[in-house]
Amino acid sequence: MEFLLGNPYSTPVGQCIERATDGGLQAEDWTLNMEICDIVNETDEGLSGNKNYREVMLALTVLETCVKNCGHRFHVQVANRDFIDGVLVKIISPKTNPPTIVQDKVLSLIQPRSDWCGPRL
């Protein structure tokens, strides 16, 4: 996933994620989130994190949207231990001291879910 390397906003999906996670948004932009899903389904790009927790929450919503709407190729990428440990677990690390709402969102993404039959996050 090129998005996780170098400048994350240099790719088409990165630019959409940058807009979708803009801290100035009053609410999630579902049209843009679905556009990101479309890009992910057509390319090998992915998603990364940030330390601005409003942006992190928006990025996690984008991730959740992609997990629910993208295919197997995307699921394999985000179910990868490198992504889970290198991105999601780092977000909730005590060292970063994230707010409880961020911790809860990440844990909801990585805990097994009975309503989803694909690879577990």
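Me: How many salt bridges does the structure hold?

Reply: Three salt bridges, a salt bridge being a side-chain nitrogen of Lys or Arg within 4 Å of a carboxyl oxygen of Asp or Glu. This is a predicted model, where local features need pLDDT of at least 70, side-chain atom pairs count only at pLDDT 80 or more, and totals for chains, interfaces and linings use all residues. Residues are numbered from 1 along each chain as its sequence is written, and side-chain values use heavy atoms, with hydrogens and water left out.

Me: Which salt bridge partner does lysine 68 have?

Reply: Glutamate 64, with the closest N and O atoms 3.4 Å apart. Both residues lie in helix 3, four residues apart, about one turn of the helix. Helices (H or I, at least four residues) and strands (E, at least two) are DSSP runs, numbered from the N terminus.

Me: Is glutamate 64 buried or exposed?

Reply: Glutamate 64 counts as buried, because its relative accessibility is 16%. Buried means under 20% relative accessible area, exposed over 50%, and partly exposed in between (1.4 Å probe, protein chains only).

Me: And which lysine in helix 6 does glutamate 64 pair with?

Reply: Lysine 105. The closest N and O atoms of that salt bridge are 2.6 Å apart. Glutamate 64 is in helix 3 and lysine 105 in helix 6, so the pair ties together parts that are 41 residues apart in sequence.

Me: How accessible is lysine 105?

Reply: Its relative accessibility is 17%, so lysine 105 counts as buried.

Me: What else does lysine 105 touch?

Reply: Leaving aside neighbours within four places in sequence, lysine 105 is in contact with Met57, Leu60, Thr61 and Glu64. Contact means heavy atoms within 4.5 Å.

Me: Where is the remaining bridge, the one with aspartate 85?

Reply: Aspartate 85 meets arginine 81 there, at 3.7 Å from N to O. The two are four residues apart in helix 5, so about one helical turn separates them. Aspartate 85 counts as partly exposed at 36% relative accessibility, and arginine 81 counts as exposed at 62%.

Me: Which residues are joined into one network by shared partners?

Reply: Glu64, Lys68 and Lys105, through their salt bridges.

Me: Changing topic. How many helices and strands are in the chain?

Reply: Six helices and zero strands. Along the sequence the pattern reads α-α-α-α-α-α.

Me: How much of the chain is buried?

Reply: Of the 121 residues, 40% count as buried. The chain exposes about 6,800 Å², and carbon and sulfur atoms supply 51% of that area. Accessible areas come from the Shrake-Rupley method with a 1.4 Å probe; for residues, only the protein chains shown count as cover.

Me: What share of the contacts joins residues at least 24 apart?

Reply: 66%, taken among contacts between residues at least 6 apart in sequence.

Me: Now the core. Which residues touch the most other members?

Reply: In the largest nonpolar core, which has 27 residues, these are Ile36, Leu60, Leu63, Cys66, Phe74 and Ile91. A nonpolar core is a set of buried Ala, Val, Leu, Ile, Met, Phe, Trp, Tyr and Cys residues joined through side-chain atoms within 4.5 Å.

Me: Which helix gives the largest share of this core?

Reply: Helix 3, with seven residues.

Me: What does isoleucine 91 touch?

Reply: Val56, Leu60, Thr96, Pro98, Val102 and Val106, not counting residues up to four places away in sequence.

Me: Back to helix 3. How many of its residues are buried?

Reply: 13 of 17, so the helix is mostly covered by the definition of buried. Helix 3 reaches 24 Å from its first C-alpha to its last, close to the 24 Å expected at 1.5 Å a residue. The expected span is 1.5 Å times one less than the number of residues.

Me: What does threonine 65 touch?

Reply: Trp30, Asn33, Met34 and Cys37, not counting residues up to four places away in sequence. Threonine 65 lies in helix 3 and is buried, with a relative accessible area of 5%. Threonine 65 and asparagine 33 are 32 residues apart in sequence and 6.8 Å apart in space, C-alpha to C-alpha.

Me: Last one. What does the side chain of histidine 75 reach?

Reply: The backbone oxygen of valine 67, at 2.7 Å. Histidine 75 is in helix 4 and counts as buried at 8% relative accessibility.

Note on methods: A polar contact is a pair of N or O atoms within 3.5 Å; within protein, one must be able to donate a hydrogen and the other to accept it, and residues adjacent in sequence count only if both atoms are side-chain atoms.
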